[in-house]
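Here is a friendly tour for anyone who likes to check contacts and angles by eye. Please have the viewer open and follow along.

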Amino acid sequence: MPTHAPEASAAFTVLHGTHSSVVLEVRPDEAPLWRYWGPRLPDHCVPLAPLRDGRAIPPSSMELDQPLTVAPTFGVGWYGQSALLAHRSGRQFAQQFTACRIETLVPGQSIAIHLTDSVAQLRLVLHLALDANDVLQLRCELFNDGADVLDVHWLAAGTVPLPGDAQGVRSYTGQWANEFQLQVDALSRSLWQRENRRGRTSHDSFPGAVVTTPGATQHTGTVYGAHLAWSGNHRQAIEWLHDGQYQWQMGEWLAPGEVRLAAGESLQTPTLFASCSTQGLNGLAANFHATVRSRLPWPGGRMRPRPVHLNTWEAVYFDHRTEDIRALAAAAASVGVERFVLDDGWFQGRHSDQAALGDWWPDPGKYPHGLQPLANHVNELGMEFGLWVEPEMVNPDSQLFRTHPDWALQLEGRPLLTMRNQLVLDVARPEVADYLFTQLDTLLQNVPIAYLKWDMNRDLTTAGDALGRPAYRSFVHALYALLDRVRAAHPQLEIESCASGGARLDMGVLVHTHRVWTSDCNDALSRVSIQRGALQFLPPEILGAHIGPAPVHTTGRSQSLNFRAGVALSGHLGIEADVRHLSDEERMALGRWVGLYKQLRNRLHTGQVWLGEAGDGVLWQAHGDAHASEVLLLVYRTTPTSHRNTPPLRLSMLRTAAHYTIERLDPTPPDWTSSPLNDAALAAGAQQALPPTAHGAWLAAVGLPLPRMNAESALIYRLRLVPP
Ligand code: DGJ
């Protein structure tokens with residue numbers, strides 16, 4: 001990596017991505033100073049002057065200037081948020097790194113920063129890498145080199161600078177069936193922070209955010225994003241600093257007493273993924289998508305085309321009757337389903353959500369010969385067989401709990417608090433992990449299961465281990481280990497991370513699993529915003545998106561097949577409905593959408609995704625770019641029009657010097673014409689006449705004309721590059 005030494009005391013470590021750069025000012029006796037993280041600098045751009053001792057000391061300030069470092073510490077001249085808060089029985093509460101060594105791991109791409117505090121007797125090794133997707137990865141490990149216990153309250157996975165013109169923070173709030181609700185806050189001199197103490201990633205506080213600068217849009221301008229790859233408690237904070245810039249920290253939120261490092265022990269943080277894009281929110285999403293794609297643990301190392309699912313949950317809930325389920329499988333196969341997932345309700349004594357979690361063998365009343373006959377039937381119909389499990393949980397009313405009541409996380413003297421009537425197992429206990437592995441392994445050995453839907457339906461409370469210590473982080477590590485153990489024993493298995501829908505949806509779990517259940521809400525209108533939020537960080541092919549019933553079970557709204565299927569096309573498509581009772585016409589229409597998904601999935605699931613708004617309640621999602629031979633366009637009208645004429649839709653990702661053919665692909669078009677309020681002229685207006693070809697520059701500058709659409713309807717277009 002290029003290292004410059006404008007004067008003896010300072011060196012600059014520079015990492016370049018494709019469109020972004022990082023510059024650190026390094027000295028042997030302190031933590032490196034953050035000099036830059038932002039849009040790409042030219043290769044040989046030498047920093048103007050060292051910051052250390054280069055700034056005038058303002059009045060009423062310490063004589064020692066303390067600029068932002070990669071790991072600011074408390075108590076020795078830094079007044080902002082610290083990357084580390086620790087002490088030894090109330091002493092040694094201040095830290096300061098006194099030695100620094102930079103180790104090059106991959107030249108120009110990744111380094112390890114070795115920091116030592118000889119007074120506090122600790123070391124911090126900070127890994128920092130900037131990949132070709134412009135995603136900066138930061139994580140660190142803290143070593144206790146002292147003789148006494150080191151109590152750690154906070155250790156940021158990373159600290160990054162943000163420029164002084166950083167303006168707004170886009171983070172996500174929500175709840176069950178309503179995840180990824182965008183929350184936009186203005187940055188100011190007040191501390192911005194969000195914390196999650198629910199023990200799982202949570203519905204209401206996604207561990208990530210995007211910071212915008214003035215003028216940034218979906219497609220243009222400089223934006224910064226960060227995400228903590230962790231499925232437990234977390235904290236993120238953005239703080240204004242007195243030199244006008246901001247610092248951004250993210251890490252695990254630690255419960256009191258959760259990390260007490262004995263002599264020689266260490267603490268590793270999860271990885272913080274951060275990225276800077278000059279191509280607006282879509283450019284940022286593309287960076288994250290590329291990095292997530294490179295980390296997904298696909299069996300055989302490559303993603304297969306994402307099979308169409310049918311999940312039995314909303315079709316039968318707990319009411320499993322063999323003949324009904326077999327008929328459901330046959331009906332699913334008839335509309336083109338490729339993976340049939342048997343959801344909750346199949347195991348010993350599971351007739352409602354009151355009982356049975358922990359007893360992971362087939363209920364003999366429902367499946368007298370086990371699951372094998374059903375799985376064989378599903379396979380004979382040409383589909384893979386998938387199975388729902390919720391391994392980390394136990395109902396008090398279960399054989400497992402009656403035998404091992406001490407296996408549940410609990411606190412002496414406190415009531416066992418249930419949520420959905422269930423408790424959480426202390427998966428970090430080896431005997432608990434062994435029990436769960438054996439149960440899952442037995443199922444996987446005896447039944448041809450290609451896929452596990454791995455659910456997790458409650459937050460953690462009274463999360464104490466057998467010794468009464470907080471077990472939040474050990475729980476997450478144990479979960480990851482269990483997932484890996486199951487995958488190692490069954491390498492062809494794919495696993496979905498589900499947690500009452502989208503409560504465990506993060507890049508941490510996504511190196512152990514292959515898909516997330518984005519939300520329990522299958523309402524297409526709600527799904528538009530949920531999916532667009534998730535797409536800011538995660539690629540579409542891993543976001544479960546199902547065509548639900550009408551009316552929708554979670555919201556009561558009814559939507560056309562056109563809208564439900566058009567919105568599900570945006571992710572990994574499945575069906576969450578009882579397809580046994582469809583009319584022939586409905587079955588054929590559903591089959592046509594499934595067929596369209598199969599035809600388009602290679603394009604939908606690779607390359608860049610663009611999100612945009614045409615105005616007047618029209619949102620769109622495009623797949624492909626100027627290099628692609630075709631671009632797919634999913635258009636959603638979410639609200640009734642307030643215009644006489646729908647605004648055209650501008651497509652900036654097209655090749656401007658080329659022509660495109662444009663075709664409509666939606667197999668069941670928006671149902672505008674059937675409304676009794678619409679006269680013939682309007683109905684005719686809904687039938688859009690498209691020119692045979694259009695110029696890319698025209699479509700980018702003026703836009704694609706759109707027909708009239710009802711609220712809650714979708715249009716699907718394919719734009720094909722005309723060969724020159
Ligand atoms: C919550 C999940 O999100 C649903 O899809 C379903 O699997 C239920 N749990 C089953 O209990």
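How many bridges join strand 22 to strand 23, and do the two run parallel or antiparallel? Four bridges join them, and the strands run parallel. Please keep in mind throughout that this is a predicted model.

## Strand 23 and its neighbours

Strand 22 covers residues 339-342, and strand 23 covers residues 384-389. Within this pairing, Phe 340 has Phe 385 of strand 23 as its bridge partner.

How much of strand 23 is covered? Six of its six residues are buried. In a regular strand, side chains alternate between the two faces of the sheet. For strand 23, one side carries Glu 384, Gly 386 and Trp 388, while the other carries Phe 385, Leu 387 and Val 389. Residues on both sides are all buried, so both faces of the strand count as covered under the cut-off of 20% relative accessible area.

Next, the rings. A pair of aromatic rings is described by the distance of the centres and the angle of the planes. The structure holds 18 aromatic pairs, and two of them share Trp 360.

| Ring pair | Distance of centres | Angle of planes | Arrangement |
|---|---|---|---|
| Trp 346 and Trp 360 | 6.1 Å | 40° | tilted |
| Phe 347 and Trp 360 | 4.4 Å | 45° | tilted |

Why do these pairs count as tilted? Planes under 30 degrees apart would be stacked and planes over 60 edge-to-face, so the angle of 40° for Trp 346 and Trp 360 makes that pair tilted.

Trp 346 and Trp 360 both lie in the loop between strand 22 and helix 4 (372-380), so their pair ties together parts that are 14 residues apart in sequence. Phe 347 lies in the loop between strand 22 and helix 4 as well, and its pair with Trp 360 links parts 13 residues apart. Trp 346 and Trp 360 are both buried. Trp 360 has 3% relative accessibility, and Phe 347, at 0%, is also buried.

Elsewhere, Tyr 172, Phe 180, Phe 206, Phe 288 and Phe 537 form one aromatic cluster.

## Charges over rings

Two arginines sit over aromatic faces. Arg 485 lies over the face of Phe 437, 4.3 Å from the ring centre. Arg 527 places its charged end over the ring of Trp 517, at 4.8 Å from the centre.

## Around the ligand

Which residues come nearest to the ligand? Of the 13 residues around it, these are Asp 344, Arg 420, Lys 453, Asp 455 and Asp 520. A polar side-chain atom of Lys 453 lies 2.7 Å from a ligand oxygen. For Asp 343, a polar side-chain atom is 2.8 Å from an oxygen atom of the ligand. In the side chain of Asn 457, an N or O atom lies 3.4 Å from a nitrogen atom of the ligand.

## Backbone details and a buried arginine

Some backbone angles are worth a look. The peptide bond joining Ala 550 and Pro 551 is cis, with omega about 0°. Pro 551 belongs to the loop between strand 29 (543-547) and helix 9 (561-568).

Asn 421 is not a glycine, yet its phi is positive, about 65°. This residue lies in the loop between helix 5 (399-403) and strand 25 (423-424), and Asn 421 is partly exposed at 26% relative accessible area. Ser 500 also has a positive phi, near 45°. The loop between strand 27 (494-497) and strand 28 (515-517) holds Ser 500, which is buried at 7% relative accessibility.

Finally, where does Arg 200 lie? It is found in the loop between strand 13 (192-196) and strand 14 (208-212). With a relative accessible area of 2%, Arg 200 is buried, and its side chain reaches the backbone oxygen of Met 456 at 2.7 Å.

Methods
Residues are numbered from 1 along each chain as its sequence is written. This is a predicted model: local features need pLDDT of at least 70, side-chain atom pairs count only at pLDDT 80 or more; totals for chains, interfaces and linings use all residues. Side-chain values use heavy atoms; hydrogens and water are left out. Rings of Phe, Tyr and Trp (its six-membered ring) pair if their centres lie within 6.5 Å; planes under 30 degrees apart count as stacked, over 60 as edge-to-face and the rest as tilted. Buried means under 20% relative accessible area, exposed over 50%, partly exposed in between (1.4 Å probe, protein chains only). A charge sits over a ring if NZ of Lys or CZ of Arg is within 6 Å of the ring centre and within 35 degrees of the ring normal. Two strands pair if DSSP finds at least two bridges between them. A residue is near a molecule or strand if one of its heavy atoms lies within 4 Å of it. A polar contact is a pair of N or O atoms within 3.5 Å; within protein, one must be able to donate a hydrogen and the other to accept it, and residues adjacent in sequence count only if both atoms are side-chain atoms.
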